[in-house]
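Thanks, everyone. Today I want to talk about helix packing. Have a look at the model first.

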Amino acid sequence: MDRYVVFGNPVGHSKSPAIHRLFAEQTGQTMDYSARLAPLDGFTDDARAFFQEGLGANVTLPFKEDAYRLCDVLTPRAQRAGAVNMLTRQANGSIRGDNTDGVGLVRDLMNNAGVVLKGKRILLLGAGGAVRGVVEPILEQQPVSLVIANRTVDKAELLAQIFAGLGPVAASGFDWLEEPVDIIINATSASLAGDLPPISSSLIQPGVTVCYDMMYSKEPTPFCRWASEHGAALALDGFGMLVEQAAEAFTYWRGVNPDSKAVLQTLRQEMAAG
Ligand code: ATR
């Protein structure tokens, strides 16, 4: 049986096995995909052991940088992101690393939510690993501006420098921002602690601004609640991004395109039903 896993710590809550199972059913693929808890200091050893026989792995928190260091070959987008969420054993035994998070975000926004990025003013909150993976695919869509705002401004400035050659990207602190923007994407880990990044509600133009939280949970995240309360045109969570990054990996591994929108609908209904 062709074997795939998702590595994480914790990983018990991961929806990736359910997503890949539905993709496999849909496309008639025979494969095994399971969740694998790696010790915090033991990811590299576990991943190497898995690839003695396994074909591919997704990687979630907190191992995306470890995965980046493990790879023999990196795609250009993974190289620039400095983080890897997808590993593949190649025919010669070497391990290829890619980062499909950014494509997942952009596809969810564009294909599932119908949001246009071209010509838009986009604000990205945070400057950690989650942001590094999404800057390049966002810039590919030619927004008029992309501002990376972070609590620690130095980190936002460093990212703006790294990606400066790819489009109109700038750095900012949270409290410098007042003017409304078209799209706000929360990539801070604040939601994990039930927190909000300290940004002004004047950034939302009621009925126009689209807000997107890369986190998701059964209940609306604090950022999505804040967005709805201030009249955002849409308040979206990151579940669609998870499904779309999985679809990108599945297509690469199996050579067939799953219907990600149908799987997203099925899983959202399952989640709502508890
Ligand atoms: P990830 O890989 O998920 O991006 P990370 O690299 O630890 O995780 O980055 C977490 C991001 O969330 C950072 O941008 C962090 O801000 P700092 O760089 O200033 O630490 C941001 N963050 C975490 N908690 C936050 C909070 N309560 N308010 C605002 N930003 C927060």
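Start with the contact of α5 and α6. Asp 101, Gly 102, Val 103, Leu 105 and Val 106 of α5 meet Gly 133, Val 134, Pro 137 and Ile 138 of α6. Contact here means heavy atoms within 4.5 Å. By class, six of these residues are nonpolar, two polar and one charged; Gly counts as polar.

Before I go on: this is a predicted model, local features need pLDDT of at least 70, side-chain atom pairs count only at pLDDT 80 or more, and totals for chains, interfaces and linings use all residues. Numbering runs from 1 along each chain as its sequence is written, and side-chain values use heavy atoms, with hydrogens and water left out.

Now the geometry. α5 is residues 101-112 and α6 is residues 129-140. Their axes come within 7 Å and cross at roughly 50°. The crossing of α5 and α6 is right-handed.

What does α6 meet in α7? Leu 159, Ile 162 and Phe 163. From α6 come Val 131, Arg 132, Val 135, Glu 136 and Leu 139. That contact divides into six nonpolar, no polar and two charged residues. α7 covers residues 153-163, and its axis lies 11 Å from that of α6, at an angle of about 40°. This pair is therefore oblique too, and α6 passes α7 in a right-handed crossing.

Last, burial. Buried is under 20% relative accessible area, with a 1.4 Å probe and protein chains only. In α6, the buried residues include Val 134, Val 135, Glu 136 and Pro 137. Just after α6, Gln 142 takes a positive phi of about 60°.

Note on methods
Axes fitted to C-alpha atoms, helices over the stretch in contact; angles between N-to-C directions. Helix = DSSP H or I, 4+ residues; strand = E, 2+ residues; numbered from the N terminus. Left-handed = near helix turned anticlockwise from the far one by under 90°. Buried < 20%, exposed > 50% of the residue type's maximum accessible area, 1.4 Å probe, protein only. Parallel < 35°, antiparallel > 145°, perpendicular 65-115°, else oblique.
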